Amino acid sequence: MKNGDHLFLIDGSGYIFRAYHALPPLTRKSDGLPVGAVSGFCNMLWKLLKDARNTDVGIVPTHFAVIFDYSSKTFRNTLYSEYKANRTAPPEDLIPQFGLIRQATRAFNLPCIEKEGFEADDLIATYARLAVEAGGDVTIVSSDKDLMQLVNHKVQMYDGMKDKQISIPEVIEKWGVPPEKMIDLQSLTGDSTDNIPGIPGIGPKTAAQLLGEYGNLDTLLARASEIKQQKRRENIITFAEQARLSRELVTLKNDVPIDVELDELVLDPQDGPKLIGFLKAMEFTSLTRRVAETTGTDAAEIEPVPVETQWGAAAHGPDMEVSVTVAVGVEVEVTDVSPSLPAGSGGGVTPAELAKSRANAAIAEKIDTTTYVCIRDLATLQQWIDEATENGIVAFDTETNSLLPMQAELIGLSLALAPGRAAYVPLSHKSGAGDLLGGGMLEGQIPLDQALAALKPMLEDRSVLKIAQNMKFDWLIMHRHGIDIAPFDDTMLISYALDAGPGGHGMDSLSERWLGHKTIQYKDVTGNGRSSVTFDMVDLERATAYAGEDADVTLRLWRALKPRLAAEGMATVYERLERPLVEVLARMEARGISIDRQILSRLSGDLAQSAAAIEDEIYKLAGERFNIGSPKQLGDILFGRMGFPGGSKTKTGQWSTSAQVLEDLAAAGHELPRKIVDWRQLTKLKSTYTDALPGFIHAETKRVHTCYAMAATSTGRLSSSDPNLQNIPIRTTEGRKIRTAFIAAPGHKLISADYSQIELRVLAHVADIPQLKQAFAEDMDIHAMTASEMFGVPVEGMPSEVRRRAKAINFGIIYGISAFGLANQLSIPREEAGQYIRTYFERFPGIRDYMEATKAFARANGYVETIFGRRAHYPEIRSSNPQMRAFNERAAINAPIQGSAADIIRHAMIRMDDALAAAKLSARMLLQVHDELVFEAPDKEVEETITIVRHIMENAAMPAVSLSVPLRVDARAAQNWDEAH
DNA sequence: GTCCGACCGTA
DNA sequence: TTACGGTCGGACG
């Protein structure tokens, strides 16, 4: 190396993590191998190399190397055992990419450099020093602040993803100190991601100011007593030693003994065929094409090169040593079908093959529920816990006396370590069914607090994966006992990510489907109906069989289903949209919302009075007393005895008395049907809301805790029950009053933030409709715009009826429109509705194309996808029954739109808690209503909370998806939900 | 007691 | 025309 040469050092390990989180997820089409970060890495390398003169760096590299971390243990761990101790395991779909990126590097003909005991950063520091000493210049491709200490007039950094150069001025601008003071700055601030302590209470701003004043860390520490702020002075004196230790940790080692000499890093020319062989194996088609063009290679001539990948059966523990080394891209014998955990220790299998062998094994292994252990002493429990900890994987289940997690009491819990090896730990079983007083606690159970104390370290141990069926329930139960389970997998959610569509994801049905095993029914254990008992009354033998089976089945399901995530390309959906939401929703459910009992009680009285008055009038008009709430009796009276015209029948042959039918009669001048409609509205509000809601107020928290179902819908939406807080009235003034009972705690406000027209915006994006995109870009009234476009009526002074029809059509489009449905909705003839639809498609031909393409995709694949890759399956779309087929087609058109919107708000929710915490706001998310989030915030934080909430929600699709239409969020704060919405 | 259909509240 | 959950009446056992 000589004067004028230029060395590029790529921070390979840093790039992997950053690319994984910043780039949209991507999986290899043929087998679901996750390759998003690999793709980003290859594109970046190609950009840097293809024509050095034209790169964004604007510099011609003469030498080039990609540097990696060797392992997680380095010399820094001997300095400080806690170094990087809080790192969690890399996401499962990232793990195979570590190896792939090294192979990519070699395919690019570039040296791959790593060294045991040292971090990539130390190697980079060493090579940078050597290059400068040899007279060369250096560009470090990374954006990691830990490397900024290396920047000087010969060494710069380049952020390959933001396309930004970082030299001395940029460092000063960002951190307020020149690069040579970065070490001192980091020693003061510490770094929570690397677990570097620093000095408490000192952030980058304070650190920069102190270093400006005192020059360097040693001077600062020596003269700490001069600092005026008392707290700061005390902290610096107290934690001086900690700062010195931090300095040792953050100082990069620039004298690592190197194995590859500087001169060996000379940039070789690209080997087109070699690179293309790799890119083809990765199935990066567009990059393959570009490389072929530039290097003048005929890509068709080149075979994909077999690629080695590490594909883990389970991501758990910080080091992830458990993984399967497999050859992908070549035919291999499936050798690993062993039932032991962790699965796979050398067999050559692709994700798809492993999934298949696991499915076969799962159904082949029979289940015997009589072999489970009942644990009744602490020592035995501790043995199981120790084994679980050593294993790194355990299935976990709680038994309670209620399905409502906020009021359920813990009765016992079960663990499974391996298929067939499960145990039940009774904790609160009662004795003496014959005892008049109900019996006391059963003898021979581990005291609850002791059992929980023993379990807590394992349940919270980051190196032990906990598996449950519907983890949100168990998480919340344990959360109420001071234990926050992590990390975890959820078989229900894995099933949901894989197989959302008709058919549920309950354990019983999953067991039958995947294990061929009929589970013991809860009812067979606790009894039926009147004679049923709570689980704490069940004898231990039967309780052990039932509870042990739950854990055993859960573990087996996990083994059968988990590998399918990678094989079918659904790992990202599961890990980004399902699993992280568990804790978010559990915390929302635990918080609950405050309801004013008095308001509801008063409303109930009012409703009862009004309904009674109408009831009398109804009897007078009908000439007899009858049960107005019985559609059967009502239909017979209206259309039988009284002979009203225009009756229609339901599919069971009864007279229909739907609101639509009654409204039509009322419009024709009949008094009685109007009264019925009014009576129905009042009694509905009373029975479903004002009477029912107070029963859900929790005895201790005095708040209402709804329960969200994560796997109940085919589209990705949540559902809410017990009580359902997603259908609280809003359309009528009478109904709205119910919302005034949902109130903020004293000193707080409720904030309601809702997406404006999110589904139509998603439609505009996915169907790529220019007029719609422009209308949203300009924040126009979308229904008026549609009406104007369709009927040629100017938006100014548009009759409301015209807009109403356009609005109905817009919704119809989202729902997979039919002339029949639109005619029904608008009460117009079917011919007229059909004409509307034709006109709409003429004005927006892209929508028709999109709908046809979606139907064709669904027919071909049996499912449709959201913009984030969530799938909804519609196997019946190929039905020979035309009605069935049409229904499935409409649902398939709707699912990507409704589902994408659901995914967007899921993203927002997953990020929200951290965003609020980062802004030091104590606002809390309470409710989700499909396109709306409700928060409770202290009065003083309302404005700032709205800013953060809006920002997170409006940018929720990024970076996974870049929408071509802006998202807009309306937010308002008030004392109650009615005024806030 | 349990299940299903009709009806209706929300997005 | 999409997606849900709750209440009621009424039929079934």
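Is the crossing of α2 and α13 left-handed or right-handed? I looked this up in a predicted model. The crossing is left-handed.

**Entry: the helix pair**

I took the residue ranges next. Helix α2 covers residues 36-49, and helix α13 covers residues 285-295. I read a packing angle of about 20° for the two. Their axes lie 11 Å apart. Angles under 35 degrees count as roughly parallel, so I list α2 and α13 as roughly parallel to each other.

**Entry: who meets whom**

I then looked up the residues in this contact. From α2 I noted Cys-42, Asn-43 and Trp-46. They meet Leu-287, Arg-290, Val-291, Thr-294 and Thr-295 in α13. I sorted the residues of this contact by type: four are nonpolar, three polar and one charged.

**Entry: the domains**

I moved on to the domain assignment of chain A. Domain 1 is written in two pieces, 6-180 + 257-265. Domain 2 runs over 362-577. I found 44 Å between the two domain centres, taken over C-alpha atoms. To the contact, domain 1 gives 13 residues and domain 2 gives nine.

**Entry: buried area**

How much area do domain 1 and domain 2 bury between them? I have about 890 Å². Carbon and sulfur atoms hold 41% of it. On the domain 1 side, I checked which residues lose the most area to domain 2. They are Pro-25, Glu-92 and Asp-93. Together these three make up 42% of what that side buries.

How values were computed
Residues numbered from 1 in each chain as written. Chains lettered and ligands numbered in written order. Predicted model: local features only at pLDDT ≥ 70, side-chain atom pairs only at ≥ 80, totals over all residues. Heavy atoms only, no water. Axes fitted to C-alpha atoms, helices over the stretch in contact; angles between N-to-C directions. Helix = DSSP H or I, 4+ residues; strand = E, 2+ residues; numbered from the N terminus. Parallel < 35°, antiparallel > 145°, perpendicular 65-115°, else oblique. Left-handed = near helix turned anticlockwise from the far one by under 90°. Contact = heavy atoms within 4.5 Å. Nonpolar A, V, L, I, M, F, W, Y, C, P; charged D, E, K, R; others polar. Domains from an automatic or database assignment. Buried area = accessible area lost by both parts, 1.4 Å probe.
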